[in-house]
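Dear colleague,

I am sending you the structure we discussed, together with an account of what was found in it. Please read the notes below alongside the coordinates.

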Amino acid sequence: MGTGGISVFAERKNQILVAGTAGETIQCDRPSLAGAVSQRACVFCGARVVLYPIADALHLVHGPIGCAAYTWDIRGALSSGPELHRQSFSTDMREREVIFGGEKKLEQSLLELIEKYQPKGAFVYSTCVAGVIGDDIDGICRKVEKVVGIPVIAVQSEGFKGNKRAGYSAACKALDRLVGTGDTTGISPLSINILGDFNLAGEIWLIRSYYEKMGLQVVANVTGDGRIDDIRRSHGAALNVVQCSGATMELARYMKEQHNVPFLRVSYFGIEDMAESLYSVARHFQDVDWKVMERARQIVSQELKDLVPEMKALKKRLQGKTAAVYVGGAFKAFSLIKAFRHLGMRVTLVGSQTGTEEDYREIQQVCDPGTVIVDDANPLELGAFLKDNDVDILVGGVKERPIAYKLGLGFCDHNHERKLALEGFLGMRNFAREVAATVESPVWKFVPRRIGRTTAGTALSTERKEP
Ligand code: SF4
């Protein structure tokens with residue numbers, strides 16, 4: 001396997017490959033290499049990002065204060081109503097609880113918080129310390145649930161017990177305890193649940209509006225702008241529409257097995273994937289109401305009327321530029337590769353924190369030969385590949401941003417913290433404008449490693465050398 005001359009840990013060599021290399025497969029979905037300083041978050045963080053957007057739930061972190069502080073308001077997920085999710089409650093375990101146990105403090109905290117905030121449900125997250133000392137979080141939750149009369153659910157998310165993907169699994173198990181406990185009266189046969197969208201920058205409102213214009217009833221948002229009571233009755237919907245490769249797929253599978261709700265996998269990023277998401281949902285309902293497809297087509301053609309000319313203009317400016325993509329879930333990477341093609345740009349590096357074998361097989365098929373594909377990278381590897389490929393922009397999250405800026409590259413935030421909607425047709429327009437503004441920013445002319453390239457033939461070109 002070629003790593004383009006970049007030195008990587010011997011144990012990680014089979015987690016990197018170059019697209020187009022015959023017979024090569026990538027190893028993934030395994031624990032991060034000790035000492036490699038993975039970009040991944042812990043299991044607890046994985047669970048927290050999935051459940052956090054449920055806005056009328058109490059989210060209590062049972063652990064030392066650092067776990068709660070580290071994930072405070074982590075998604076920036078917006079709510080159209082209550083905002084209890086934005087509070088970061090913690091049992092603040094200290095030496096006393098570590099020695100004598102934290103169950104008593106957990107029970108008291110739960111009773112006090114539920115009385116004060118009157119949530120519709122509560123999630124209690126287990127962390128490393130709670131797991132190591134062996135607190136029976138599930139036992140305490142069940143005990144409190146009987147007293148308070150709302151669902152109180154333990155999330156078994158001890159940080160050490162796997163990678164971020166195990167956190168998604170813990171979150172889906174917690175959600176599974178809610179689904180099927182509500183009344184499904186009045187749910188239309190033309191109904192869906194939206195899974196795997198977290199309402200960053202109000203995106204679920206946009207996506208929901210497309211589905212509602214198609215004549216579909218949205219029963220539950222899981223979990224962006226989510227509500228406990230909606231999720232409890234979500235088993236009454238006719239279809240689960242699941243975005244993202246990992247976060248809520250396990251819940252969709254549980255719902256298929258236990259409640260016979262079929263699911264479709266979609267992506268709301270980029271023109272083709274957004275349009276295909278609407279068409280695939282419309283195809284599902286075609287036998288119930290053929291007009292659903294007609295309405296989907298109308299939405300797409302209306303949205304593309306202004307978008308396509310603008311994309312063409314931006315493509316002229318960005319033609320030939322290069323991009324790198326390093327994201328949490330691999331499913332987003334497929335859409336980003338296609339979105340960059342619309343802008344005339346080539347993705348030369350693509351990677352994810354939690355991709356599966358199936359995800360990477362699809363990435364290999366969709367990207368150009370020679371593209372470096374990397375699983376569970378670390379800052380040094382990413383930095384080396386970015387320098388080697390001399391990309392114009394990196395798309396990633398908060399942990400990748402400093403890598404890009406230190407190297408003097410453009411950066412586009414495509415993660416929890418972003419404040420700009422990037423989903424849907426509107427999102428594609430926002431994304432294209434942001435990429436153009438970043439790539440074409442004059443600031444990059446003054447970055448040492450670029451200075452020779454951008455000022456060739458001028459006095460500046462001899463002043464600084466590649467560091
Ligand atoms: S759960 Fe463990 S790994 Fe995660 S933030 Fe807390 S102490 Fe750190």
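Lys338 touches Gly270, Glu272 and Asp273, leaving aside residues up to four places away in sequence. Lys338 and Asp273 are 65 residues apart along the chain, and their C-alpha atoms are separated by 8.7 Å. Lys338 itself belongs to helix 13 (residues 330-342) and counts as partly exposed because it has 18 C-beta neighbours inside 10 Å. Please bear in mind here and throughout that this is a predicted model.

The domain assignment divides the protein into domain 1 (43-177), domain 2 (191-303) and domain 3 (307-453). Between the C-alpha centres of domain 1 and domain 3 the distance is 34 Å. Seven residues of domain 1 are in contact with four residues of domain 3. On the domain 1 side of this contact there are two nonpolar, two polar and three charged residues.

Tyr52 is located in the loop between helix 1 and strand 2 (57-62). Is Tyr52 buried or exposed? With 28 C-beta neighbours inside 10 Å, Tyr52 counts as buried, since the cut-off for that class is 20 or more. Beyond its neighbours within four places in sequence, Tyr52 is in contact with His59, Ile74, Arg75, Ala77 and His85. Leu318, by contrast, lies 266 residues from Tyr52 in sequence and 37 Å from it in space, C-alpha to C-alpha.

In soluble globular proteins, nonpolar side chains tend to be buried together. Here the largest nonpolar core has 139 residues, and those with the most contacts inside it are Ala122, Val124, Val155, Ala171 and Val325. Once neighbours within four places in sequence are set aside, the contacts of Ala122 are Ala57, Leu58, Leu60, Leu110, Ile114, Ile150, Val152 and Ile153.

Helix 10 (residues 249-259) has Met249, Leu251, Ala252 and Met255 as buried residues. Viewed down the helix axis, the buried residues of helix 10 fall within an arc of 160°, so they line one face of the helix. Their cover includes helix 7 (164-178), strand 6 (191-197), strand 7 (217-223), strand 8 (239-243) and strand 9 (263-266). The face turned away from the buried side carries Glu257 and Gln258, which are exposed. After helix 10 comes Asn260, with a positive phi near 60°.

Most residues other than glycine have a negative phi, and most peptide bonds are trans. Asn199 and Ala201 are not glycines, yet Asn199 has a positive phi of about 55°, and Ala201 likewise has a positive phi of about 55°. Asn199 is found in the loop between strand 6 and helix 8 (203-213), and Ala201 lies in the loop between strand 6 and helix 8 as well. Asn199 is buried, with 27 other C-beta atoms within 10 Å, whereas Ala201 counts as partly exposed, with 18 C-beta neighbours inside 10 Å. Finally, a cis peptide bond joins Val222 and Thr223, with omega about 15°; Thr223 lies in strand 7.

With kind regards

Notes
Residues numbered from 1 in each chain as written. Predicted model: local features only at pLDDT ≥ 70, side-chain atom pairs only at ≥ 80, totals over all residues. Buried ≥ 20, exposed ≤ 12 C-beta atoms within 10 Å, placed from the backbone. Helix = DSSP H or I, 4+ residues; strand = E, 2+ residues; numbered from the N terminus. Arc of directions from axis to C-beta. Contact = placed C-beta atoms within 7 Å. Core = buried A, V, L, I, M, F, W, Y, C linked by C-beta atoms within 7 Å. Domains from an automatic or database assignment. Nonpolar A, V, L, I, M, F, W, Y, C, P; charged D, E, K, R; others polar.
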